[in-house]
Amino acid sequence: ARVGNLKLADSLVRWCFKKSGVIRIDHVEHRLAASDSKFPSFYTIRDECEFSVKISELKDGAWVPYKSDDVQMEFVRIDPFVRANMVADKSGVFKTKFKIPDVYGVFKFVVNYARMGVTSVYSSNQISVHPLRHNQYERFIEN
């Protein structure tokens with residue numbers, strides 16, 4: 001007689017031995033929105049920034065692009081200053097654009113993705129945010 005829970009037992013064993021439900025972060029990238037240079041050494045307050053992360057999933061022994069609509073990125077100092085949903089393309093690259101907050105200090109780009117049925121992934125990249133230089137402020141001189 002066949003066991004009624006064969007399908008459940010099979011999927012549970014494959015998940016326990018990391019044969020299914022395994023995801024990984026392949027590549028993380030951040031840059032100024034107006035520039036092609038990747039990984040700047042610092043950002044200035046109010047800069048437009050693009051952040052992207054490539055996530056893959058193990059299916060039938062091969063890594064394929066992960067499909068989801070709930071991956072988020074946080075731009076964190078002590079608490080998150082920016083939390084943005086990321087939009088995926090067909091190749092598994094999740095992207096978002098945001099404006100650097102008007103606060104300087106040491107920040108981190110954090111992706112902490114933990115969902116039922118898949119392994120959790122965590123990525124953290126530190127970057128400093130500088131204030132405007134003395135010649136970058138707007139001048140309002142009236143005659």
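F39 is found in the loop between β1 and β2; strands here are DSSP runs of E covering at least two residues, numbered from the N terminus. The model is a predicted one, in which local features need pLDDT of at least 70 and side-chain atom pairs count only at pLDDT 80 or more, while totals for chains, interfaces and linings use all residues. Residues are numbered from 1 along each chain as its sequence is written, and side-chain values use heavy atoms, with hydrogens and water left out.

F39 has a phi near 55°, a positive value in a residue other than glycine. Most residues other than glycine have a negative phi. With a relative accessible area of 43%, F39 counts as partly exposed, on a scale where buried means under 20%, exposed means over 50% and partly exposed is in between (1.4 Å probe, protein chains only).

D60 also goes positive, with phi at about 55° although D60 is not a glycine. D60 sits in the loop between β3 (48-59) and β4 (62-65), and is exposed because its relative accessible area is 79%. These two strands make a hairpin with two residues between them. β3 and β4 pair in the antiparallel sense over four bridges, pairing being called when DSSP finds at least two bridges between two strands. K59 stands opposite A62 in β4.

Next, the sheet. Five strands form an open sheet with mixed pairing, in the order β2-β10-β9-β5-β6. Its edges are β2 and β6, each of which pairs on one side only. Direction ignored, neighbouring strands in this sheet are turned by 30° against each other on average, the axes being lines fitted to C-alpha atoms and angles running from 0 to 180 degrees between N-to-C directions. At one end, β2 (residues 42-44) runs parallel to β10 (residues 121-130), joined by three bridges, with Y43 opposite V129 of β10. β10 also pairs with β9 (residues 105-113), this time antiparallel and over nine bridges; N112 faces Y122 of β10 there. Five bridges join β5 to β6, again antiparallel, and F75 has V82 in β6 as its bridge partner.

F75 shows up in the core as well. The largest nonpolar core holds 27 residues, of which F51, M73, F75, F98 and F109 touch the most other members. Such a core is a set of buried Ala, Val, Leu, Ile, Met, Phe, Trp, Tyr and Cys residues joined through side-chain atoms within 4.5 Å. Two or more residues each come from β1, β3, β5 (72-76), β6 (80-85), β8 (93-99), β9 and β10. Neighbours within four places in sequence aside, F75 is in contact (heavy atoms within 4.5 Å) with residues including P80, F81, F98, F109, I127 and V129.

Then there is R31, in strand β1 (residues 22-32). R31 is buried because its relative accessible area is 19%. What does its side chain make a polar contact with? The partner is the side chain of E50, at 2.8 Å; a polar contact is a pair of N or O atoms within 3.5 Å, where, within protein, one must be able to donate a hydrogen and the other to accept it, and residues adjacent in sequence count only if both atoms are side-chain atoms. A polar atom of the R31 side chain also lies 2.3 Å from the backbone oxygen of S35. Leaving aside neighbours within four places in sequence, R31 touches D36, S37, K38, P40, Y43, E48, C49 and E50.
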